[in-house]
Amino acid sequence: MRVHLINPSDNSFGTAVITPRWLFVLAAATPRIAGDPILVDESLEQVVPESIEPGDIVGISVHTGNALRGYHVGRMARARGAWVIYGGIHATLFPEEAMERGEAHAVVTGDGDIAWGKAVTDCMAGKLERIYAGGRISGNEFLAARWDLMDRKKYMWASVQTIRGCPKHCSFCSVWRTDGQQPRQRMYQSVVDEIIDLRRIGFRFIALADDNFYPVSKNDLRLAREQNNLPKLEELTAIRNERFQLMAELAKLPKDMVFFTQITMEAGEDGEYLDAMRKANIKGALVGVEAVTPEGLKAVFKDWNCSGDALAKRLQTFRKHGVHVLGSFIFGLPTDKPATFDATVAMALEAGVTFAQFVMMTPFPGTVDFNRWEKEQSANPMYVDGVPITRYWLIPTEVRPKMFTPHPSMSSEEIKERTQKVWDKFYDWPAIWQRSACTPNLRARLAFIFLSKLYRQMYAGTGISTDSARRKKSKNWARWTARNCKKIFKAHPMPELQSPRWDLPSKSTLKVPAFLNMENPEQSGPWVVLP
Ligand code: B12
Ligand code: SF4
């Protein structure tokens with residue numbers, strides 16, 4: 001019996017930009033008694049069906065975008081006699097769908113760090129249950145990933161999570177619903193140890209795979225203080241202090257390290273925080289700008305974001321403090337007009353964001369937008385290829401529409417075309433050349449240009465164009481660029497790098513499920529405490 005963990009993808013590039021963290025965390029969560037799992041990342045290469053044998057256990061992760069492929073892989077594995085278990089955000093939201101479409105024997109909902117081990121041990125004991133509710137575990141229960149099982153040469157960036165959950169409630173985002181609004185912060189010592197492991201094996205570019213790296217804003221602190229809510233103030237201050245502790249430790253790591261994260265725009269008012277980020281080598285962050293007008297921001301429940309001149313200033317503050325911004329904008333909001341596209345690209349250029357992405361409004365399950373749309377559709381449901389449009393991820397990709405929610409004044413084609421033009425304008429040669437002036441030397445400048453083109457090609461080309469010939473060309477181009485970009489991200493391994501000796505207070509000592517260390521999981525309590 002072997003355990004397989006499969007990250008499904010329709011497109012295999014041979015090279016991937018960022019490691020799919022779940023794969024290596026679930027590898028760490030696999031009970032030792034089951035042996036090392038076989039990891040397959042289909043964004044590198046497709047699973048080989050013959051590698052799966054009767055009695056094997058196959059864990060498959062699905063988010064909405066790869067659910068269809070994931071179900072295909074699951075059916076294949078089940079037909080070969082394996083036990084099929086799904087997890088990930090989409091399976092969490094639609095466990096029954098994974099059973100019906102993906103022929104799951106079981107589904108793990110929520111966090112898999114603990115629940116996966118339980119599912120595997122139960123399966124080995126012949127008593128697999130249908131649903132394992134992983135829930136939301138606390139920060140000091142998050143497992144460090146098994147990077148020793150990764151093919152280091154295949155990835156440009158590694159990913160390490162420092163916090164889960166987000167206190168905001170944007171209408172297009174499911175994070176606050178699935179991961180919760182209470183930030184769950186991982187112990188900074190454990191984060192730093194994992195990063196040191198990665199630097200040892202030659203990774204210096206690391207994506208901090210967090211929902212929101214700035215979980216406590218100055219405004220949150222001010223409100224708690226004004227309300228004289230002392231317990232809240234204490235809690236928020238502790239979270240904030242721990243962020244600073246983490247950044248202080250990151251600052252001590254080798255100077256060639258580069259971190260990238262996701263953060264709310266509010267951090268732009270917190271110079272102290274941005275300075276700590278710069279010192280910690282957090283060189284850039286994805287900032288959800290979403291819309292440039294107050295109406296647009298209101299439509300997505302994000303009216304705490306700035307608009308107009310204040311927006312440009314806020315984003316420029318990041319740059320002034322040495323943190324580059326990847327601005328993320330959404331098109332297709334009901335408030336968008338033809339003029340919004342030009343205004344958005346003008347703003348992105350004026351605000352001096354280093355990179356930008358312009359995504360089409362997509363109703364992801366679990367969001368306020370999705371629920372509203374599903375309700376609207378229930379009266380007169382629309383079908384494509386026999387599938388209700390509100391289950392668009394089940395529509396074969398060749399016939400799947402690119403936009404699902406109708407816009408009050410523009411057609412999907414018009415929105416797509418205008419969005420494409422915005423990408424073209426932001427990433428045209430003169431604009432990239434001008435932005436590349438932020439780099440210290442010619443080599444870095446060329447690397448920047450290369451990366452800008454790669455980014456544009458990988459993220460704008462996929463899905464937006466309907467011309468399959470052009471898509472194919474763009475895929476080949478992206479493959480070529482990705483291969484060459486790998487050289488930029490290469491670093492010398494530093495096997496000699498030592499972890500600091502942590503003085504861990506007993507109440508926050510690292511806990512790991514006992515079955516991970518024990519030959520026989522039944523013989524001990526549920527937890528062991530690591531010294
Ligand atoms: C970091 C991140 C990114 C990064 C890096 C992605 C990467 N390659 O790692 C970047 C910025 C590139 C990114 C991009 C996008 N992302 Co993103 N991203 C995230 C984020 C914040 C963290 C993912 C992560 O690594 N978590 C750490 C791992 C350990 O956690 P996990 O994946 O949840 O896995 C745990 C459990 O789910 C479970 N589990 C997972 N798989 C399995 C499998 C089995 C068998 C079992 C038992 C358990 C299990 O156990 C794990 C450990 O507890 C998530 C939000 C979130 N909190 O998940 C969004 C999220 C995954 N992203 C999302 C989206 C929409 C996108 C974009 C499409 C956004 C956009 N419109 O451009 C793009 C996609 C780009 C692309 N072409 O693929 C959505 C997906 C929604 C959905 N329903 O599918 C999420 C959930 C955020 C959201 N709600 O909006 N993303
Ligand atoms: S979009 Fe960002 S700020 Fe809004 S709820 Fe999601 S993670 Fe939080």
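How many residues surround ligand 1, and which are the closest? The count is 35, with Ser-61, Asp-113, Ser-174, Asp-179 and Asp-211 the closest; a residue is near a molecule if one of its heavy atoms lies within 4 Å of it. This is a predicted model, in which local features need pLDDT of at least 70 and side-chain atom pairs count only at pLDDT 80 or more, while totals for chains, interfaces and linings use all residues. Residues are numbered from 1 along each chain as its sequence is written, chains are lettered from A and ligands numbered from 1 in the order in which they are written, and side-chain values use heavy atoms, with hydrogens and water left out.

Helix H1 (21–29), strand E4 (57–61), strand E5 (83–87), helix H5 (112–124) and strand E15 (355–360) each supply at least two of its residues; helices (H or I, at least four residues) and strands (E, at least two) are DSSP runs, numbered from the N terminus. Sorted by class, the shell around ligand 1 has 15 nonpolar, 13 polar and seven charged residues. Here Ala, Val, Leu, Ile, Met, Phe, Trp, Tyr, Cys and Pro count as nonpolar, Asp, Glu, Lys and Arg as charged, and the others, Gly among them, as polar.

One of its nitrogen atoms sits 2.5 Å from an N or O atom in the side chain of Asp-179. An oxygen atom of ligand 1 is 3.0 Å from a polar backbone atom of Gly-112, and for the side chain of Arg-164 the distance from a ligand oxygen to an N or O atom is 3.4 Å.

Now for ligand 2. Around it are Cys-166, Lys-168, Cys-170, Phe-172, Cys-173, Trp-176, Asp-211, Thr-264 and Lys-302. That shell divides into five nonpolar, one polar and three charged residues.

Away from the ligands, a few single residues are worth a look. Ala-29, in helix H1, has a relative accessible area of 0% and therefore counts as buried (under 20%; exposed is over 50%, partly exposed in between, with a 1.4 Å probe and protein chains only). Ala-29 and Ile-114 are 85 residues apart in sequence, yet their C-alpha atoms are 6.6 Å apart in space. Trp-423 belongs to helix H15 (residues 412–426) and is buried too, at 1%. By contrast, Met-124 of helix H5 is partly exposed, because its relative accessible area is 38%.

Definitions and conventions:
A polar contact is a pair of N or O atoms within 3.5 Å; within protein, one must be able to donate a hydrogen and the other to accept it, and residues adjacent in sequence count only if both atoms are side-chain atoms.
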